[in-house]
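Hi,

Here is the model I promised to pass on.

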Amino acid sequence: MGFSTGFDALILGCAFFGLAVFAVAQLLLFRFISPESVLKWLIKLIAAGGLSDISAAVLLSWKNFDAGLLEVTFFSVLSLAIYLMLTYLYVVGIFGPYESSVRLRILREIYSVSPKGMSLEGLLSRYSAAWILERRMNRFISAGDVTFDGKTYSLRKQKNFFVFADNVSAWIRKLTGGDR
Amino acid sequence: MKDITLSFLILLGVILSHALWCRMRKTGELEVLPFIALAFFGFLVHVRVFAFAPSFLVAEAQAYIWDVPFTLTPLVFYPLSTLIYFTFYFNTRVESPSQRILRFLKTKRNMSHEELRRLLTDEKIILPRLNDLVRFKFLVFDGKEYHLLPMGKKVAQALKLYQVFLGREIGG
């Protein structure tokens, strides 16, 4: 097989390369993407970053390590896993809260009149549950997760990220013995 | 590959120890500090095993994929997977409006706009979060109006900067 040092560099380097592709594409494209289309485009960009990561991993492991199919697959999958973890944490920890956190939006609204304060009525006239519902339903419909027939909303995809996250959380809740 | 497996086993140990702690405490609250302590202990084990164990630093030709040596990858894999576990654990106590909508749509199949409106009211969505912001000293309520405290102001400024960087409209 002829391996030498640098497996770490290959796996991590390709994962960060994928993340860089995702981040640059997001910075350039998301200026023109409406809030309703965010989910749809996020998935496309994550896929583009993942593809760049795998391509680089396959190419470099073949070229530098003279690796066989099993090793190339192993390095690529590991690199992809690290890339997906990095992207997930960026989306859930930074971009997601900016795009959809209720608490952060409340802070922004009050900051917009600072140093004056804002009453509850003032806040609700700018940002309310009805506004949140409107934006999120449009986002789900645009991403193809939910359909609206003019009267009722229904779940189109039983398997999407939110349902998956809810299932994992339910499992951890069971494990830790807590209630929501 | 054995290094990654070992890293995964340490993560599993941290998660199970944390779950055991939560079950013993039975508070129903987020047990963040014990989790940080356990995760840090797991990281120290990683540093000891992967960064200072000479056998793992020998990266010469290996006969089997199982023996391919890693040092940095487990040290990156572990903190990332620990943080990912934490985001899911956080979700067990805090539910976003999007998750709430989808959870009900999954259960009830079809819902009208009015039904969803009853699910997402200002009392259920805005007020608890506003109270959280006061409780955690981001805001102060003077009986009439909410005012930003220094911590809240810093967060709002950071968000504004990020908005300039992203070039997007305000989120929420």
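Let me start with a helix end. Ser101(A) caps the N-terminal end of α4(A), with a side-chain oxygen 3.4 Å from the backbone nitrogen of Arg103(A). That is a polar contact, meaning a pair of N or O atoms within 3.5 Å; within protein, one must be able to donate a hydrogen and the other to accept it, and residues adjacent in sequence count only if both atoms are side-chain atoms. Helices here are DSSP runs (H or I, at least four residues), numbered from the N terminus.

Some housekeeping before the rest. This is a predicted model, so local features need pLDDT of at least 70 and side-chain atom pairs count only at pLDDT 80 or more, while totals for chains, interfaces and linings use all residues. Residues are numbered from 1 along each chain as its sequence is written, chains are lettered from A and ligands numbered from 1 in the order in which they are written, and side-chain values use heavy atoms, with hydrogens and water left out.

Back to α4(A), residues 102-111: eight of its 10 residues are buried, so the helix is largely enclosed by the rest of the structure. Among the buried ones are Val102(A), Arg105(A), Arg108(A) and Glu109(A). Buried means under 20% relative accessible area, exposed over 50%, and partly exposed in between (1.4 Å probe, protein chains only).

Which residue of chain B is buried yet has no salt bridge? Arg129(B), and its nearest side chain of opposite charge, Asp132(B), is 6.6 Å away. (Lys and Arg count as positive, Asp and Glu as negative; His and the chain ends are not counted. A salt bridge is a side-chain nitrogen of Lys or Arg within 4 Å of a carboxyl oxygen of Asp or Glu.) Arg129(B) sits in helix α7 of chain B, residues 122-135, and its side chain reaches the backbone oxygen of Ile125(B) at 3.1 Å. Leaving out residues up to four places away in sequence, Arg129(B) touches (heavy atoms within 4.5 Å) residues including Val102(A), Arg103(A) and Ile106(A) from chain A, plus Glu95(B) and Lys124(B).

- Glu95(B) and Arg103(B) meet at 2.5 Å, N to O. Glu95(B) is buried at 13% relative accessibility, whereas Arg103(B) is partly exposed at 29%.
- Glu31(B) pairs with Arg25(B), the closest N and O atoms being 3.4 Å apart. Glu31(B) is buried at 6% and Arg25(B) partly exposed at 46%.
- Arg135(B) and Asp132(B) meet at 3.4 Å, N to O. They are three residues apart in α7 of chain B, about one helical turn. Asp132(B) is buried at 19%. Salt bridges that share partners join Arg103(A), Asp132(B) and Arg135(B) into one network.

Gln99(B), in helix α5 of chain B, has 4% relative accessibility and so counts as buried. Its contacts include Phe162(A), Ala165(A) and Asp166(A) across in chain A. Ala15(A) lies in helix α1 of chain A (residues 7-29) and is buried at 0%. Ala15(A) and Ala81(A) are 66 residues apart in sequence but 8.2 Å apart in space, C-alpha to C-alpha.

Cheers

Technical notes. Helices (H or I, at least four residues) and strands (E, at least two) are DSSP runs, numbered from the N terminus.
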